[in-house]
Amino acid sequence: MSLQIGDQAPDFKLYSSELTEVSLSAFKGKKVIIHFFPMAFTGTCTEQLCTMRDNFSYYEGINAQVIGISVDSPFSLAKFKEVQHYQFPLLSDFNKEVSAAYGAFYDEFVFGLKGVSKRAAFVIDEEGKIAYAEVLEDAHELPDFKAINDVLSA
């Protein structure tokens, strides 16, 4: 069953590109925007996260935390973050548990790759509840950034 607006967001602990453990519960009291993406260094994933990067001051201005999650290793994510100058944490769901818990998971992806995060966006409110949920089946599509911002400004 997919996560619905109003559901408690599944908590998680994942390692960041800086090799530090990050949990969702550490951001209680802040709005959190979680962007799941299939793979670092690919076109649509880069566009998705660069959109967040380029609007980072807006999210910072409303005290919202942006997080990117993929099944890439923390080492790959560190290089991706460095090359693209992302100001927000990139977290490795290498064991694929968080992507699955959020319903953002392909059992089989392109080229026969198994166990890849789907492109998805979630807004978690200050109490840890889902305020926005969008899971895309087509990895070439981008999340609805306007809808995300509308929820954040409500």
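Strands β1 and β2 pair in the antiparallel sense over three bridges, where pairing requires that DSSP find at least two bridges between two strands. Lys-13 stands opposite Ser-23 in β2. The model is a predicted one, in which local features need pLDDT of at least 70 and side-chain atom pairs count only at pLDDT 80 or more, whereas totals for chains, interfaces and linings use all residues. Residues are numbered from 1 along each chain as its sequence is written, and side-chain values use heavy atoms, with hydrogens and water left out. Helices (H or I, at least four residues) and strands (E, at least two) are DSSP runs, numbered from the N terminus.

The open sheet has seven strands in the order β2-β1-β5-β4-β3-β8-β9, with mixed pairing. Its edge strands, each pairing on one side only, are β2 (21–23) and β9 (130–135). From one strand to the next the twist averages 30°; axes are lines fitted to C-alpha atoms, for helices over the stretch in contact, and angles run from 0 to 180 degrees between N-to-C directions. Helix α1 lies across β3 (31–36), β4, β5 and β8 (120–124), running at about 155° to β3. Helix α5 (residues 145–153) also packs on the sheet, touching β3, β4, β8 and β9, and its direction makes about 165° with that of β3. Contact here denotes heavy atoms within 4.5 Å.

In helix α3 (residues 74–84), Pro-74, Leu-77, Phe-80, Lys-81 and Gln-84 are buried (under 20% relative accessible area, with exposed over 50% and partly exposed in between; 1.4 Å probe, protein chains only). Seen down the axis of α3, these buried residues fall within an arc of 120°, so they line one face of the helix; the arc is that of the directions from the helix axis to the C-beta atoms. The buried residues of α3 pack against β1 (13–16), α1 (43–54), β4 (64–70) and β5 (90–92). His-85, which follows α3, has a positive phi, near 60°.

Five salt bridges are found in a search of the whole structure, each a side-chain nitrogen of Lys or Arg within 4 Å of a carboxyl oxygen of Asp or Glu. In one of them, the closest N and O atoms of Lys-81 and Glu-18 are 2.9 Å apart. Lys-81 lies in helix α3 and Glu-18 in the loop between β1 and β2, so the pair ties together parts that are 63 residues apart in sequence. Lys-81 counts as buried at 15% relative accessibility, and Glu-18 is partly exposed at 44%. Lys-79 and Glu-82 also form a salt bridge (3.6 Å, N to O); both lie in helix α3, three residues apart, about one turn of the helix. Lys-146 is exposed, with a relative accessible area of 58%.

A nonpolar core is a set of buried Ala, Val, Leu, Ile, Met, Phe, Trp, Tyr and Cys residues joined through side-chain atoms within 4.5 Å. The largest has 23 residues, of which Ile-33, Phe-37, Phe-88, Leu-90 and Ile-148 touch the most other members. Two or more residues each come from α1, α2 (56–61), β4, α3, β8 and α5. Leu-90 touches, among others, Tyr-15, Leu-49, Leu-77 and Phe-80, residues up to four places away in sequence not being counted. A second, separate core of 20 residues includes Phe-12, Val-22, Val-98 and Phe-122.
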